[in-house]
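Open the viewer and take this tour one selection at a time. Each stop says what to pick and what to look for.

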Amino acid sequence: MAVTEQHEEITLEELLHRGFEAAYEIESKKTITKEGYATFAFKQTAYAKSQLYKLMDLFYQYLSPTNMRITSQEEKEQFIVEIKPVLFIESAQEIVELLESVLVSGKINKRSRGIYVVSDLEVVRVKVSSNLKEELQQKAKELGKENVEELLLYAVQKL
């Protein structure tokens with residue numbers, strides 16, 4: 001479904017029938033295995049020429065949906081975009097400023113080869129006995145957490 005600047009909702013089939021065509025093909029990329037996500041908050045807008053859509057295009061071209069998570073927050077009229085760490089081979093200061101203006105968490109570093117966006121995760125190591133590890137794994141399952149790391153993060157954030 002697409003939404004025009006006049007707030008008209010149009011199906012993909014109708015867009016194609018009207019002569020619209022894709023500006024580029026979104027290619028599937030390999031999964032980025034680096035830890036964490038950088039998070040951005042975008043205000044919802046139907047203005048097609050919005051600078052924020054330029055960023056979304058950049059994300060799709062460099063990361064593909066494989067390395068992104070998009071969540072709509074209707075009550076705040078925004079959507080949250082989480083991206084895996086990536087180096088954009090772009091150098092425009094305008095892009096850096098735009099990224100910084102919507103950054104919620106993570107870091108943006110300008111490099112000689114482009115713009116590097118990373119999460120702000122830091123590693124904290126804990127050594128436990130095998131028995132305690134098994135207990136933690138069981139507790140993680142019970143609470144619907146994917147792993148012990150998620151369980152511990154949940155527990156620490158509740159303190």
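Start with β3: is this strand mostly covered or mostly exposed? Select it and look. β3 is mostly covered, with five of its six residues buried. Keep in mind that this is a predicted model.

**Stop 1: the sheet**

Four strands form an open sheet, in the order β4-β5-β3-β7, and the pairing is antiparallel. Colour the edges next. They are β4 (68–73) and β7 (103–105), each pairing on one side only. Turn the view to see how the strands cross. On average, neighbouring strands of this sheet are turned by 25 degrees against each other, direction ignored.

Walk across the sheet from β4. Six bridges join β4 to β5. Select glutamine 73 here: its bridge partner is glutamine 78, in β5.

Step on to β3. Six bridges also join β3 to β5, and these two strands run antiparallel. Pick phenylalanine 42: it stands opposite phenylalanine 79 in β5.

Finish at β7. Two bridges join β3 to β7, again running antiparallel. Phenylalanine 40 has leucine 103, in β7, as its bridge partner.

**Stop 2: helix α2**

Select α2, residues 51–63. α2 has 13 residues and reaches 18 Å from its first C-alpha to its last. That is close to the 18 Å expected at 1.5 Å a residue.

Which residues of α2 are buried? Show the side chains of Leu52, Leu55, Met56, Leu58, Phe59 and Leu63. Look down the axis of α2: the buried residues fall within an arc of 155 degrees, so they line one face of the helix. Now show what they meet. The buried residues of α2 pack against β3, β4, β5, β6 and α3.

Serine 64 follows α2, and its phi is positive, near 65 degrees.

**Stop 3: the core**

Next, bring up the largest nonpolar core, which has 24 residues. Highlight Phe40, Phe42, Phe59, Ile83, Leu99 and Val117, the residues with the most contacts inside this core. Which of them gives the most? The answer is α2, with six residues. There is a general pattern to keep in mind: in soluble globular proteins, nonpolar side chains tend to be buried together.

Zoom in on leucine 99 and show its neighbours. Leaving out residues up to four places away in sequence, leucine 99 touches Phe40, Leu55, Phe59, Ile108, Ile115 and Val117.

**Stop 4: helix α4**

Last, select α4, residues 130–142.

Pick lysine 141, which lies in α4. Is lysine 141 buried or exposed? Lysine 141 is exposed, because its relative accessible area is 67%, and exposed means over 50%.

End just after α4, at glycine 144. This glycine takes a positive phi of about 75 degrees.

Methods:
Residues numbered from 1 in each chain as written. Predicted model: local features only at pLDDT ≥ 70, side-chain atom pairs only at ≥ 80, totals over all residues. Heavy atoms only, no water. Core = buried A, V, L, I, M, F, W, Y, C linked by side-chain atoms within 4.5 Å. Buried < 20%, exposed > 50% of the residue type's maximum accessible area, 1.4 Å probe, protein only. Contact = heavy atoms within 4.5 Å. Expected span 1.5 Å × (residues − 1). Pairing = 2+ DSSP bridges. Axes fitted to C-alpha atoms, helices over the stretch in contact; angles between N-to-C directions. Arc of directions from axis to C-beta.
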